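I opened my notebook today to get to know a new structure.

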Amino acid sequence: MLPKSIQLPLSKESVLELRAGDIVLLMGDLLTARDAAHKRLIAEIEAGNNLPVQLAGETIYYVGPAPAGPSQPVGPAGPTTSGRMDPYTIPLLKLGLRGMIGKGYRSEPIKQALIQHQAVYFAAVGGAAALLSKQIQASEIIAYSDLDTEAIRRFSVVGFPVIVVNDCYGGDAYADGLAEYGPPN
Amino acid sequence: MTQLRELPVDKITKAIGDLIQESAYALPDDYLAAMRSAQEREASQVGRIMISTLLENSDYAASQQIPTCQDTGMAIVMLEIGQDVHLVGGGLTDAVNAGVRQGYADLRKSVVADPLLRENTADNSPAVLHTDIVPGDRLKITVAMKGFGAELMSRLQMLPANSGSAAVTEFVLETIRAAGPNACPPIIVGVGLGSSFDGVGLLAKKALMRPLGQPSPQPHIAQLEQELLQQVNALGIGPQGFGGSVTALAVHIESFATHIAALPVAVNLNCSAPRRASIIL
C-alpha cells in the first residue's frame, strides 16, 4: 500500500487526521532551521522584533544540508536530533508553527504543547540523507545566510517520506514501538 | 644502527584527504553485510523498511558520489607511527589538518572553533588527532568521520573498583535506552573498559574502529560483547527507534589495565553510518 500524500503547508484538518505511526509523503513548501537559527529566532521574539519568516501554518525541518553538487538544488539533507530544539519550540508553536520534522525523542512539555496547539512532529529517516535529497526540488536561503548550513531555507519537496512520531492527541510512535518490542514494564 | 625511513608529510595530507572523500560516499562492506543480515532477522515491518531505506540510501550515495549523510562529522584521525619513520617536509599536525581541509572541501562544514563562541571554522578543521608510536617503519592512518547525533548520546562513568560486569552492563543499557532513536539505530556500540578518565574514552572510540564481525580476542571480553548485544537488542528500540529486534549491529569492547580503585567505563555510540577507513603508508 502506498503511503498517503499530505499537502504543505499543513491544514488544520490534515493535522487532525494524522496519527502516530502513519507513514506519509509530504508535498509542498517547508522551512529549515536547526540550533543556531532557533537561537536567533528566540532572541528576536524575546527582543520584541519581527521575525525574518512568518511561522503561522509552517512546518520546520531540522536539517543542516550538505553543499549541493552540480545540477542539484541541495546536497544530502537528512534530519538532525530534534530534542535540542525543545527549549525553543513552544514560543514557535505559539506563533502558529504546525509541523516539525526531525529525529529522536521530544520532551513531555513539547508533546503536551502539540496537543494544546494542534501540531504534529514527524521523523524522517536519520542517515538516509542522500535519498531524501532526491525529494527536494528547490532550495532557497531566506534568512541568516551567514549561518551557512544552519541558515533558514525554504525547500520545495515532492513525496518527502516521514513518519508521524507525536500526533495532536498524545500518540507517540516511539512509545508504541517500545511497548510492542521492549521488555514489559 | 636502524635506517630511518623518510616520509614526506604531504603524503599524509593526500592520504587523509582521499580517505575522507571515499568514506563520505561509501559505507564499509562489513557494515553493509551486517545490515543485510539484520534486515533478515528484524521482526518489525517498519524496522525492515528503515533498514532497507538505509541500504538503498547507501547504494544511491555511492552511485551518485554524494555523501550518505549530510553530517559528515568531525574528523577523528588516529596515527600509528612506526618509530623508524622520519617525518619530513613540515609539521605533522598541520599536514593532518591540511588533509582534513582537502577531504571536506565539498562536504558540510560542521566544526566550530570554540565550544562557547561557536564560530564555524568553514573548512571542517581541525581534526581530533591521536598518535601512537609503534615498532617498525610504516605509518597507519585511520580516519573516522564521526557524526555527532550519536556522539552526543555517548557517556562516560568512573565506576568503583568492584562494580563488575553487572554494573558495566547496566551503564551500557542505560546509555542506549536514553539515546533511543536519537543515535540513529541500528547503532554500533563502542565500549571502553579500564585505563584512566582520559584513556577510557579513547578505548571506546577505538572499539568503534574494529570491523563488524570480529569479536575481541580475549574470551571473557568476547563473551561480554555477545551478552551485551543480546541485552541491547532486547530493549526493543529497533531501527530508527520505531520498535524492533535490531537496535545494535554489534557491541565492541576494548579494555586496558586500570587502578585498584576504579572500573572506568565509556560508551561511544556510532550511528547507522560508520564512516571509517584506514591506509598504511
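Here are my entries on chain B, starting with its domains and ending with a sheet.

**Entry 1: the domains.** I am working from a predicted model. I looked up how chain B is divided, and found domain 1 (5-25 + 68-146) and domain 2 (148-273). I then checked the separation of their centres, taken over C-alpha atoms, and it is 25 Å.

**Entry 2: where the domains meet.** How many residues of domain 1 of chain B are in contact with domain 2 of chain B? I found nine, and they touch twelve residues of domain 2 of chain B. Between them the two domains of chain B bury about 840 Å², with 68% of that on carbon and sulfur atoms. I also wanted to know which residues of domain 1 of chain B lose the most area to domain 2 of chain B. They are B:Met78, B:His130 and B:Lys146, which together make up 58% of what that side buries.

Entry 3: I looked for salt bridges between domain 1 of chain B and domain 2 of chain B, and the count is two. B:Lys146 forms a salt bridge with B:Glu151, and their closest N and O atoms are 2.8 Å apart. On the domain 1 side of chain B, the strands β2 (74-82), β4 (128-134) and β5 (139-146) each supply at least two residues that touch domain 2 of chain B. For polar contacts across this interface, I noted four residue pairs, both residues being at pLDDT 80 or more.

**Entry 4: an open sheet.** Next I traced four strands of chain B that form an open sheet, in the order β6-β9-β7-β8 with mixed pairing.

**Entry 5: one strand pair.** I followed β6(B) to its partner β9 (residues 262-270) of chain B: six bridges join them, and they run antiparallel. Within this pair I found B:Pro160 opposite B:Ala262 of β9(B).

**Entry 6: helices on the sheet.** Helix α6 (residues 164-179) of chain B packs on the sheet and touches β6, β7 (187-195) and β9 of chain B. Its direction makes about 30 degrees with that of β9(B). Helix α7 (residues 197-209) of chain B packs on the sheet too, touching β6, β7, β8 and β9 of chain B. For helix α7 of chain B I noted an angle of about 145 degrees with the direction of β7(B).

Technical notes: Residues numbered from 1 in each chain as written. Chains lettered and ligands numbered in written order. Predicted model: local features only at pLDDT ≥ 70, side-chain atom pairs only at ≥ 80, totals over all residues. Heavy atoms only, no water. Pairing = 2+ DSSP bridges. Contact = heavy atoms within 4.5 Å. Axes fitted to C-alpha atoms, helices over the stretch in contact; angles between N-to-C directions. Domains from an automatic or database assignment. Buried area = accessible area lost by both parts, 1.4 Å probe. Salt bridge = Lys/Arg side-chain N within 4 Å of Asp/Glu carboxyl O. Polar contact = N/O pair within 3.5 Å; in protein donor to acceptor, adjacent residues only side chain to side chain.
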